[in-house]
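Trainee: I am new to this structure. Could we go through it with a few questions?

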Amino acid sequence: MAGENASLLTFACTLADVLVRRLHLAFELRDHGRGVALQQRTILGVGADAAGALEQARAAVEEARARHEQAEAKAESSRKLREAGMISVLENIQNQGNAQIAKAQLQSAEARAKAQKLRLDYTAVKAPDDGVISSRSAT
């Protein structure tokens, strides 16, 4: 229960940070003077950083997923070996615990990737009409 509360608090703090950053962005459009179509997405100047962070977060998810799958396979093998009396109870418990840790790390990496996706989404604006970008102010 305490772990869930800590995860929720971490997510809430991350979300709050994203929202604060959204309010304080420098809203400098790099496409000044370019024509846009209705609902076309235009990335703000900080979008490249957010896109890079999202790619890093997605790579971390894949890495965590691979470690989780490896730990799960080792835990299953460990359980079978313990049933056959070929490894100690302690070694089996350690392997089961490592699988649980790997699962938690995967969930954490997935949450960070979702937060980075949200951050990237906040660095883009959609054109309300067809036209030309002529101003760099935001409200």
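**Contacts and salt bridges**

Mentor: Ser-78 touches Ile-87, Glu-91, Asn-92, Asn-95 and Gln-96, leaving aside residues up to four places away in sequence; contact means heavy atoms within 4.5 Å. This is a predicted model, where local features need pLDDT of at least 70, side-chain atom pairs count only at pLDDT 80 or more, and totals for chains, interfaces and linings use all residues. Residues are numbered from 1 along each chain as its sequence is written, and side-chain values use heavy atoms, without hydrogens and water.

Trainee: Is Ser-78 buried or exposed?

Mentor: Buried means under 20% relative accessible area, exposed over 50%, and partly exposed in between (1.4 Å probe, protein chains only). The relative accessible area of Ser-78 is 3%, so Ser-78 is buried.

Trainee: Which helix holds both Glu-62 and Arg-65?

Mentor: Their side chains meet in a salt bridge at 2.8 Å, N to O, a salt bridge being a side-chain nitrogen of Lys or Arg within 4 Å of a carboxyl oxygen of Asp or Glu. Helices are DSSP runs (H or I, at least four residues), numbered from the N terminus. Glu-62 and Arg-65 are three residues apart, about one helical turn, in helix H2.

Trainee: How many residues apart in sequence are the parts that Arg-65 and Glu-110 tie together?

Mentor: Arg-65 forms a salt bridge with Glu-110, with the closest N and O atoms 3.1 Å apart. Arg-65 lies in helix H2 and Glu-110 in helix H3 (residues 89–121), so the parts tied together are apart in sequence by 45 residues.

Key: Helix = DSSP H or I, 4+ residues; strand = E, 2+ residues; numbered from the N terminus.
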